[in-house]
Each structure stands twice: as structure tokens, then as C-alpha cells.
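Here is a brief report on one structure.

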Amino acid sequence: MKTLLINGTTKQSNSASGYFARFLYLFLKGEKKMVKVRNKLDVPRIMNVIDEYDALVFVTPLYCDGVPSNVLYLMQALEKRCKETGKTFKVYVLCNSGFIEGRQSEALFKVYKNFCDRISSEWCGGLGIGGGVMLNVTKMVFFFATLVALGLFLYNGVKYGLWVSNDVTLFYLSIVVTALIFNAAAFAYMLSMCGSINHRRQHGIRFTRALVFAWLFALVADAGFVIVSMFRGGFWRGINRKL
Ligand SMILES: Cc1cc2nc3c(=O)[nH]c(=O)nc-3n(C[C@H](O)[C@H](O)[C@H](O)COP(=O)(O)O)c2cc1C
């Protein structure tokens with residue numbers, strides 16, 4: 001039983017797909033390996049080892065309701081290989097989308113189903129997680145808060161001899177609990193997916209999302225986009241661009 005987790009993000013680091021792939025990796029049994037396919041240069045390296053595996057788990061972002069082009073390169077190479085060798089796989093997909101509704105990934109799952117038909121492999125199902133960016137941010141906030149809390153514990157301890165301050169503990173717990181609530185559904189669905197992968201059984205298609213009110217998500221996302229646009233090109237970005 002050998003599972004290959006394929007991280008389909010185009011990002012070098014701090015990707016939502018990396019976050020979800022690492023979670024799956026923790027709970028998968030048997031031999032497992034995680035690889036990244038950021039561009040077509042990564043494809044030969046993956047194709048060199050892919051035949052050793054019986055299950056493939058694509059963990060990818062959703063791009064324009066579909067498969068990112070970097071992952072498409074791998075799928076094309078795989079289609080060619082499977083036709084030549086007759087090798088088959090069990091294929092699972094975890095797709096995270098920027099929008100809050102996990103159902104945004106529905107069209108992408110159809111692409112994978114067709115892909116599996118094409119390579120005579122078994123389409124075992126997918127999990128669509130909405131609000132992937134937001135969940136990834138909660139992960140970063142968690143690590144940042146841990147560092148700040150440790151620093152404050154240390155500072156209060158050294159300066160005042162108060163190693164466990166109630167204020168700092170409360171601050172830290174409030175961040176941890178909030179992050180856990182946001183991620184709770186995604187964690188539960190990913191655990192269930194790991195169960196299916198571990199038993200090499202059908203998972204079906206399931207959708208979940210960041211556990212946050214949609215109106216709050218929209219407000220936070222809009223605020224985020226305004227801030228990002230201020231630092232990356234400003235409010236008037238593109239206004240003078242010549243075609
Ligand atoms: C080119 C591009 C297209 C995207 N298209 C969609 C989309 O159609 N629907 C959606 O919900 N999110 C879309 N997103 C957002 C990504 O799915 C989201 O940011 C995801 O969390 C990125 O995952 P990663 O960090 O693993 O790369 C798009 C992002 C990019 C860069």
C-alpha cells in the first residue's frame with residue numbers, strides 16, 4: 001500500500017494545498033510520499049517514481065473552476081504513461097477554493113472523473129474545501145500567536161517572575177479555539193477522507209468549508225483584497241495600462 005500525495009499549488013511556500021496535504025500525510029497509513037508539481041519541470045521527477053504507487057491523492061487549488069495548468073502537465077504525462085504501460089491507480093482529490101462554498105470544486109471533480117475513465121483508473125472521490133485561503137491564514141495566525149505567547153510568557157517570567165500569566169493564557173487560548181472552530185469541519189472531513197484512502201475504498205464526493213458566517217467571510221475577504229491591492233499596485237492599478 002503506497003500513497004503518493006501530489007501538491008498542485010503553484011506557490012513556493014505557505015500554500016493552502018501544502019497545509020491540507022501535510023494534514024492528510026499525518027493520518028495516512030502505509031508508505032507515503034509528498035511531491036510538488038509547481039510547473040512542468042517537476043513532471044519528469046514525479047513520473048520517475050509514480051509507478052511505485054497504487055493510490056494518487058491530488059491536493060490542489062481551484063483555478064477558474066478547474067485544474068491548474070501545472071497539474072494538467074502531470075495529468076497529460078500520466079495519461080500517456082498509463083496508455084503505454086497499462087498501469088492503473090486509485091485516484092482521490094482534495095481541492096481547496098478561495099470562495100467559501102466547497103461546492104465550487106464540483107466541475108473540477110468531473111474533470112478528474114473523466115481523467116480516470118481515460119486512464120482506466122478508479123475515481124475514488126473528492127473533497128472540496130471552501131475558504132482554503134482563510135483556513136491557511138488561521139494556520140499562520142496560530143503559529144504567530146504561539147510565538148507571541150511564548151515571548152510574553154518568557155518576558156513576564158524573567159521580568160516579574162510570573163511565568164504563567166492569565167492574560168497571555170487567555171489571549172492564546174482565544175486564538176487557538178477560534179482557529180480550531182474555523183478548521184473543525186475541514187479537519188473532520190479530511191480525517192474521513194484519510195479513512196477512505198487507508199482502506200482504499202470509495203470516498204464519494206463531499207464538500208465542506210471554513211466554519212465562519214458567509215457574510216463575515218465576505219467582509220474579511222474584501223478587507224484583505226483592499227489591503228493587498230494597496231501594496232501590490234495601488235488602488236489605480238491597470239488604469240494607465242496600454243493594450
Ligand atoms: C489564477 C487563479 C484562479 C483562481 N480561480 C478560483 C476559482 O475559480 N474559484 C475559487 O473559489 N478560487 C479560485 N482561486 C483561488 C484559489 O483557489 C485559492 O487561493 C487557493 O486557496 C489557493 O491554494 P494554494 O495556496 O494551495 O495555491 C483562484 C486563484 C488563482 C491564482
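Two residues are in contact when their C-beta atoms, placed from the backbone, lie within 7 Å. The model is predicted.

## Nonpolar core

The largest nonpolar core holds 49 residues. Phe20, Leu24, Val57 and Leu94 have the most contacts inside it. Helix 6, residues 166-198, gives the most to this core: seven residues.

In soluble globular proteins, nonpolar side chains tend to be buried together.

## Helix 1 against helix 6

Helix 1 spans residues 16-27. Its axis and that of helix 6 are 9 Å apart, and the packing angle is about 50 degrees.

Helix 1 brings Phe20, Phe23, Leu24 and Phe27 to the contact. Helix 6 brings Met190, Leu191 and Cys194. By class, the contact residues are seven nonpolar, no polar and no charged.

## Asn96

Asn96 sits in strand 4, residues 90-97. Is Asn96 buried or exposed? Asn96 has 29 C-beta neighbours inside 10 Å. The cut-off for buried is 20 or more, so Asn96 counts as buried.

Leaving out neighbours within four places in sequence, Asn96 is in contact with Ala16, Ser17, Phe20, Pro61, Leu62, Ile129 and Gly132. Leu135 is 39 residues away from Asn96 along the chain, with 9.8 Å between their C-alpha atoms.

Note on methods. Residues are numbered from 1 along each chain as its sequence is written. This is a predicted model: local features need pLDDT of at least 70, side-chain atom pairs count only at pLDDT 80 or more; totals for chains, interfaces and linings use all residues. A nonpolar core is a set of buried Ala, Val, Leu, Ile, Met, Phe, Trp, Tyr and Cys residues joined through C-beta atoms within 7 Å. A residue is buried if 20 or more other C-beta atoms lie within 10 Å of its own, exposed if 12 or fewer, and partly exposed in between; C-beta atoms are placed from the backbone. Helices (H or I, at least four residues) and strands (E, at least two) are DSSP runs, numbered from the N terminus. Axes are lines fitted to C-alpha atoms, for helices over the stretch in contact, and angles run from 0 to 180 degrees between N-to-C directions. Ala, Val, Leu, Ile, Met, Phe, Trp, Tyr, Cys and Pro count as nonpolar, Asp, Glu, Lys and Arg as charged, and the others, Gly among them, as polar.
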